[in-house]
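Please examine the sequence and the model together. The paragraphs below lead through the sheet, the cores and the packing of helices.

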Amino acid sequence: MSVAKYIPDELDRRIIAHLRIDGRASLAKLSDALGVARGTVQNRLDRLTGTGTLLGFTVRVREDYDDRSVHAVMMIEVIGKSTTQVIRKLHGIPEISSLHTTNGNWDLIANIRAGSLSDFDRVLREVRMIDGVSNSETSLLLSSV
């Protein structure tokens, strides 16, 4: 038996929007900003985390925080019906900061953040060695404009 996916309502989406800006916002700050009681915010956060809608809280840093790291976008073509297997393997590579399905000539797009060019080169080799990856194209991100 499968469990129905929780669909956030307007208040949930407003809470999430505030947390995207400030993931450390207190219950009091959120309740003031949203015009609801602290208990309501706490209950909503409990539900959002309990249902897996919110997976956790994280730190966001400036793009130029670590300008010694290598940033790239990799487009990946997958053979046949092996997309799920390829995604599982890609999630195991820590340097892949995000992964997206897409349409067009490429099946997946991976955002890569590596500490050095040698680490970046290793990531490219790891991805290309995954069974089911038939082709890839990678572009280094040089600067934000």
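Leaving aside neighbours within four places in sequence, with which residues is I112 in contact? In this predicted model, whose residues are numbered from 1 along each chain as its sequence is written, local features need pLDDT of at least 70, side-chain atom pairs count only at pLDDT 80 or more, and totals for chains, interfaces and linings use all residues. Side-chain values use heavy atoms, with hydrogens and water left out. Contact (heavy atoms within 4.5 Å) joins I112 to V70, H71, A72, M74, E95, I96, S97, F120, V123 and L124.

I112 is also one of the residues that touch the most other members of the largest nonpolar core, alongside I76, L90 and V127. Such a core is a set of buried Ala, Val, Leu, Ile, Met, Phe, Trp, Tyr and Cys residues joined through side-chain atoms within 4.5 Å; buried means under 20% relative accessible area, with a 1.4 Å probe and protein chains only. This core has 19 residues. Strand 1 gives the most, five residues. A second, separate core of 13 residues includes Y6, L19, L48 and L54.

The sheet itself is open, with four strands in the order 2-3-1-4 and antiparallel pairing; two strands pair if DSSP finds at least two bridges between them. Its edges are strand 2 (96–101) and strand 4 (133–140), each of which pairs on one side only. Strand 1 is joined to strand 3 by seven bridges, and V70 has A114 as its bridge partner there. Seven bridges also link strand 1 with strand 4; in strand 4, V133 stands opposite V78 and L140 opposite A72. Because eight of its nine residues are buried, strand 1 is largely enclosed by the rest of the structure.

Elsewhere, the axes of helix 2 (residues 27–34) and helix 3 (residues 38–50) come within 8 Å and cross at roughly 105°. Axes are lines fitted to C-alpha atoms, for helices over the stretch in contact, and angles run from 0 to 180 degrees between N-to-C directions. The two helices are therefore roughly perpendicular to each other, a term covering 65 to 115 degrees. L27, A28, L30, S31 and L34 of helix 2 meet R38, V41, Q42 and L45 of helix 3.

Conventions. Buried < 20%, exposed > 50% of the residue type's maximum accessible area, 1.4 Å probe, protein only. Parallel < 35°, antiparallel > 145°, perpendicular 65-115°, else oblique.
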